[in-house]
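Work through the exercises below with the sequence and the structure at hand. Each task is followed by a solution in steps.

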2 protein chains.
Amino acid sequence: MSETEPTKVQESLQEILQQVIELLSKHQLVEGLVHKQDMTRHDLVETLVHKQHLIELQKKLDQLHSADIAYIIEALPLEQRQLVWDMVNVERDGDILLEVSDAVRESLIASMDSGELLAAAEQLDTDEIADLAPDLPHDVMQELLESLDSQNRAHLQSAMSYPEDTVGSLMDFDMISIRDDIGLEVVLRYLRRLGELPGHTDKLFVVDRKDHFRGVLSLKRLLVHDPEASVAAVMAEDAVTFHPDDEAGEAASAFERYDLVSAPVVDRNNKLVGRLTVDVMMDFIREESDSEKLSMVGLREEEDLFTTVWKAAKNRWLWLAINLCTALVASRVVGAFEGSIEKLAALAALMPIVAGMGGNSGNQTSTLVVRGFALGLINKDNARRILTKELGIALLNGTVWGSVMGVVTYLLYHNAALGGVMAAAMLLNLLVAAVAGYLAPAMIDRLGRDPAYGSAVLTTFITDSMGFFIFLGLATVVLL
Amino acid sequence: MSETEPTKVQESLQEILQQVIELLSKHQLVEGLVHKQDMTRHDLVETLVHKQHLIELQKKLDQLHSADIAYIIEALPLEQRQLVWDMVNVERDGDILLEVSDAVRESLIASMDSGELLAAAEQLDTDEIADLAPDLPHDVMQELLESLDSQNRAHLQSAMSYPEDTVGSLMDFDMISIRDDIGLEVVLRYLRRLGELPGHTDKLFVVDRKDHFRGVLSLKRLLVHDPEASVAAVMAEDAVTFHPDDEAGEAASAFERYDLVSAPVVDRNNKLVGRLTVDVMMDFIREESDSEKLSMVGLREEEDLFTTVWKAAKNRWLWLAINLCTALVASRVVGAFEGSIEKLAALAALMPIVAGMGGNSGNQTSTLVVRGFALGLINKDNARRILTKELGIALLNGTVWGSVMGVVTYLLYHNAALGGVMAAAMLLNLLVAAVAGYLAPAMIDRLGRDPAYGSAVLTTFITDSMGFFIFLGLATVVLL
């Protein structure tokens, strides 16, 4: 945590944002005056009065926690954002860049020159620089690497060498390690000499003479045990450890499961190489769940709310293109029955209901199945059971809602046979939806991909096309 | 964290699950034999051999962390689940009940009698009992309350008095508070006398003589400062604090923002009443994001994967009913144009494309706007800007994809006017989608509800109905 006072809650954060916006808009008013050619005496006075606003703004920003400035920057349109960003003390640029979302970070970095970027990055730890690295220009990274001492350079290179979403890419190097053959008294003296402990230090990592990881000594234990005792006697040997190649998602769920605050990362030879902390894991969980939510509507990455139309459109195109293709295929299914529709136009009005109900029901199934895969709850032993249950639910729902729609159809069109077709088609399509809602994520999982991405579009595609086909096909056979 | 060794990662957890399933299925095989009337000598031997499996299973369960047993229980179908649950040491029942999902918890509690429930609950802290309280039978809660001493009873009643999703309902009472007028040496002695510190104690809470909150003393500072110093000199006064009535979501985002491990909860008079810890906040974030994902497909609560068909169907009905209603309205829009469709059946095949593309595009907008509201990034100053940007994107996308579909329509039907109508309808419906995708969450937010719930269904309803209306209306005017 930074030394500046964090703002208490978001409520008051929004108030601060309001104040910033007011100061900014007063400032911009004056900017407008300054650019006028014929400045009157009155305008000049106004300018001087309003200079005050900028100073006030500067003071406000200096008091805020970096995370809070990041929030304000995200909430401001591009030109005001740039004003605030230029006003921030350069020493805090690095911290703020780490806090803002990827999309906003890109736009802020684009506005900085190499010198500013270098100055910002130099304030950061090596694991933090590694987080920024993908967005930094090549020459800045080169200069940065050269400016580091050999240990930090090795850390940075190691942090950058791990693929995204592995433990290695999320670990830091701020661990305190102690030897197992010393006494607690010595540990206490050592800590006092350090003067300050890194954030999220809830335990010290114990290693042997050869730097092999042996166990952990929590600060809590250190505090309550007799200083005469030895580290080996007080430490816990059954600590949860991670490897740099472990998936970050697995590590995050272990942090949740076992309520960890920090945990050691060891290599294949059991050598201590870094540590994971709960704040990083919490950010990871939030980002994962955000990205899943965005991907459900085909947003490949989070979008800066104030980005340009062009950038936003690019982010959304692929999805619209995919959906246009699936909609076209479904449309061709309908096209095959144009003859039937000409004879009975009511079919055109009713067919979207069959398709839509299938889509809704299928996506309920697929959402639960996706969740089951994510939690590791589905395996070959219970897969058949889950599918059977989903088919049972579809049978029940299909009978109920199919009957309802059958009656409604009869009331609307006074055609009993049409009502019967409607009811039967609803039931059949809900059964199709149950199978599709199960098979779509199962197939994507089998292909080694994350079912959270793509299951919905695949399920909807099947229920749409099959819904049209079943309803129009049945109608053609029975009614015409 | 419990004393039992936590399993390292989920990979190996799934292996353990496999072993449990094997042991269980062998056991059930034997159960089948026992119920046979004419047991042969060979069957008897089998029975004895397989008794071993149960003992082995019991041993395995005893070694596992409660969170890991919870995972295994969730992954097992109902009858096997009951077997494992009965086998778990009764002292751990409470911990496991806290770890499993709400739906599974309900089914486990339903299988226990009052005596078992009482025994399980008595192993828990008061804040944990409060979490279980809504699921416990009234008589068990009564007996529990009577069995507690007055301080714990007051804690339990206070924890239960706060509405769900407030800080008060999530706080615990495991804080260690110290007076500000003593020296660090005294604090160190006090901690040693305590012998053990509660989980997630990264700081001590400092109070004055009248129990008013003054600041925090982190264990890190306690360790590195001279024991001769006084608490008042070393503590930090600018700690983030919460009130019991604060929204849990705000507190969770403060934990993320300021990287907190624990934080004091104080009442209106600045008296210390409890504390929040990061593990609880992390669970809260996970549950919130899960419930948002589930609610997007209308699942009111998470579903036990192995629940009965009847229970699951009830959970899904409301959504299907709502969607049936909106689909019916959209269907009536189409019905109004049945005359046009009779004359040109191609309209029926093309209309779902216009509606579907509008839905996809509108939900991209609404997802981003919902997110903007959740993060507090949208306010009256920038609302118009965001809407303008969305309209710009819709104009661009509508022109591009409208033209593509116009050409495709012409190629399919050799009807230039129909192609033109298609292109125009796509463009118009994407503009409608941009407005709907913005207004739907904005309206829900204005009503004081969470836009995460309901925005999608409202947006889709508008884009469907308007898509049909615009396309069929244009076609009727231009073509017929």
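**Exercise 1. Packing in the cores**

Find which residues B:Met351 touches, leaving aside those up to four places away in sequence.

Solution. The model is predicted. Step one: take pairs whose C-beta atoms, placed from the backbone, lie within 7 Å as contacts. Step two: with sequence neighbours up to four places away left out, the partners of B:Met351 are B:Val334, B:Phe468, B:Phe471 and B:Leu472. B:Met351 belongs to the largest nonpolar core, which has 268 residues. Those with the most contacts inside this core are B:Met351, A:Met351, A:Leu276, B:Leu276, A:Met426 and B:Met426. Step four: look for a further core. A second one, separate and made up of eight residues, includes A:Met296, B:Met296, B:Val297 and B:Leu299.

**Exercise 2. Relation of the two chains**

Determine what rotation and what shift superpose chain A on chain B, then locate the axis.

Solution. Step one: the superposition takes a rotation of 180° and a shift of 0.0 Å along the axis, with an RMSD of 0.1 Å. Step two: this is therefore the relation of a two-fold axis. Step three: within chain A, A:Glu342 has the C-alpha nearest the axis, at 2.3 Å. Step four: compare the contact residues. Of those in chain A, 100% recur in chain B, and the same surface serves both copies.

**Exercise 3. A hairpin in chain B**

Solution. Step two: B:Phe205 has B:Val216 of strand 3 opposite it. Step three: five residues lie between the strands of this hairpin, where B:Asp211 has a positive phi near 70°.

**Exercise 4. Helix 15 of chain B**

State how many residues of helix 15 of chain B are buried, and list them.

Solution. Step one: the helix spans residues 248–258, and eight of its eleven residues are buried. Step two: the buried residues are B:Ala248, B:Ala251, B:Ala252, B:Ser253, B:Ala254, B:Phe255, B:Arg257 and B:Tyr258. Step three: check what follows. Just after the helix, B:Asp259 adopts a positive phi of about 50°.

Key:
Residues are numbered from 1 along each chain as its sequence is written. Chains are lettered from A and ligands numbered from 1 in the order in which they are written. This is a predicted model: local features need pLDDT of at least 70, side-chain atom pairs count only at pLDDT 80 or more; totals for chains, interfaces and linings use all residues. Copies are superposed by least squares on the C-alpha atoms of residues with pLDDT of at least 70 in both. Two residues are in contact if their C-beta atoms, placed from the backbone, lie within 7 Å. A residue is buried if 20 or more other C-beta atoms lie within 10 Å of its own, exposed if 12 or fewer, and partly exposed in between; C-beta atoms are placed from the backbone. Helices (H or I, at least four residues) and strands (E, at least two) are DSSP runs, numbered from the N terminus. A nonpolar core is a set of buried Ala, Val, Leu, Ile, Met, Phe, Trp, Tyr and Cys residues joined through C-beta atoms within 7 Å. Two strands pair if DSSP finds at least two bridges between them.
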